[in-house]
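Trainee: I have a model open and would like to learn how to read its features one by one. Could you walk me through it?

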Amino acid sequence: MASVLPVSTRWRDIDGESTAPFALGRGPDACLLLHGFTGSPWEVRPLGEALAARGMRVVAPRLPGHGTTPEAMLDVDFRDWQACADEALASLSGHRRVFVAGLSMGALLALRLAAHQPEAVHALALVAPAVRFRGARMALVRQLCRTPLLEWTTPWVDKGGTDISDPATLAQAPVLPAFPVARLRDLCRLQDLALADAPRVRCPVLVATAEQDHVVDPEGGRWLARRMKACPEVRHVAYREGFHIIPRDVCGARLAREVGDFLQPWRAEEDVRSPADWAEGQDAPPP
């Protein structure tokens, strides 16, 4: 695959301000938000604002290669995305409780964090988890990703939009216009790793799916919820309205409310640490 595109096929950069990482709120508890494949923190910002309003510190990194130009996706892979998630989680270690919420591929990253760092993740919210792709075309792509054939025939995938039903929000969405098809192999690899890790998760989990999702099959979310048998609580919510990017779509406010309500009981548990245990530079608990 060529590392430099011909001038005729270059794409305009996305507005970096709209896709930038963000940190909101303050409080004794924190939530890490992880966006989806070819997306950006823009996708999860309404959820972050709602959780911050409930007295939480909220951090949403921009995964490597995402949210700028298609060319930026050339030199990254799933290991870079997982390392970014690991680093962001570590940055919140001084908080009393740390939760992780992820959208689509971000849900796979979140699941792996909880499986491999159970002491660091107190609860999960998996929004439209990319467990199973929708449609026969993506099933074929998944098979072809196991060979170099797809990269030889179609090195770049044009992306015309994003899966949001609300027209006003869709018009404002920063969309990466294309991405290297090689990154689909990384997405599939991450999918396999996350599904293998699912039985290891031991924290409470909320799974949210959209019945009209055109990207992932909502049945995959239901299957995942049934698979996580070691968790003390697994709750599944399904939205009849809206598409894949649930936090930005017509059910976004409902999702934010349900995620906040789901996390609240786990925030209320007695903390065995003293205020002196808070890391320097972190928000101290309220008096």
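Trainee: Where does Arg-189 lie?

Mentor: Arg-189 is part of helix α7; helices here are DSSP runs of H or I with at least four residues, strands are runs of E with at least two, and both are numbered from the N terminus. Before we go on, note that this is a predicted model, in which local features need pLDDT of at least 70 and side-chain atom pairs count only at pLDDT 80 or more, while totals for chains, interfaces and linings use all residues. Residues are numbered from 1 along each chain as its sequence is written, and side-chain values use heavy atoms, leaving out hydrogens and water.

Trainee: Is Arg-189 buried, exposed or partly exposed?

Mentor: Buried means under 20% relative accessible area, exposed means over 50%, and partly exposed is in between, using a 1.4 Å probe and protein chains only. Arg-189 has 41% relative accessibility, so it counts as partly exposed.

Trainee: What share of the protein is buried?

Mentor: Of the 287 residues, 52% are buried. The fold has nine helices and nine strands. For contacts, meaning heavy atoms within 4.5 Å, consider pairs at least 6 apart in sequence: 80% of these join residues at least 24 apart.

Trainee: How do I read the packing of two helices?

Mentor: Two packed helices are described by the angle between their axes and the distance between the axes. Here the axes are lines fitted to C-alpha atoms over the stretch in contact, with angles from 0 to 180 degrees between N-to-C directions. For α2 (residues 78-90) and α3 (residues 105-116), the axes come within 10 Å and cross at roughly 60°. That makes α2 oblique to α3; under 35 degrees would be roughly parallel, over 145 roughly antiparallel and 65 to 115 roughly perpendicular, with the rest oblique.

Trainee: Which residues of α2 and α3 make the contact?

Mentor: On α2 they are Trp-81, Gln-82, Ala-85, Asp-86 and Leu-89, and on α3 they are Met-105, Leu-109, Arg-112 and Leu-113. These divide into six nonpolar, one polar and two charged, where Ala, Val, Leu, Ile, Met, Phe, Trp, Tyr, Cys and Pro count as nonpolar, Asp, Glu, Lys and Arg as charged, and the others, Gly among them, as polar.

Trainee: How many residues of α3 are buried?

Mentor: Eleven of the twelve are, and the helix is mostly covered. The buried residues of α3 pack against β2, α2, β4 (97-103), β5, α7 (182-197) and α8 (218-227). One of them is Arg-112, with a relative accessible area of 13%. Beyond neighbours within four places in sequence, Arg-112 is in contact with Gln-82, Leu-190, Leu-193, Ala-194 and Asp-197.

Trainee: What about backbone angles?

Mentor: Most residues other than glycine have a negative phi, and most peptide bonds are trans. Thr-38 is not a glycine, yet has a positive phi of about 65°. Thr-38 sits in the loop between β2 (29-34) and α1 (45-53), and is buried at 5% relative accessible area. Ala-128, also not a glycine, has a positive phi of about 45°.

Trainee: Where is Ala-128 found?

Mentor: Look in the loop between β5 (123-127) and α4 (136-144). With 2% relative accessibility, Ala-128 counts as buried.
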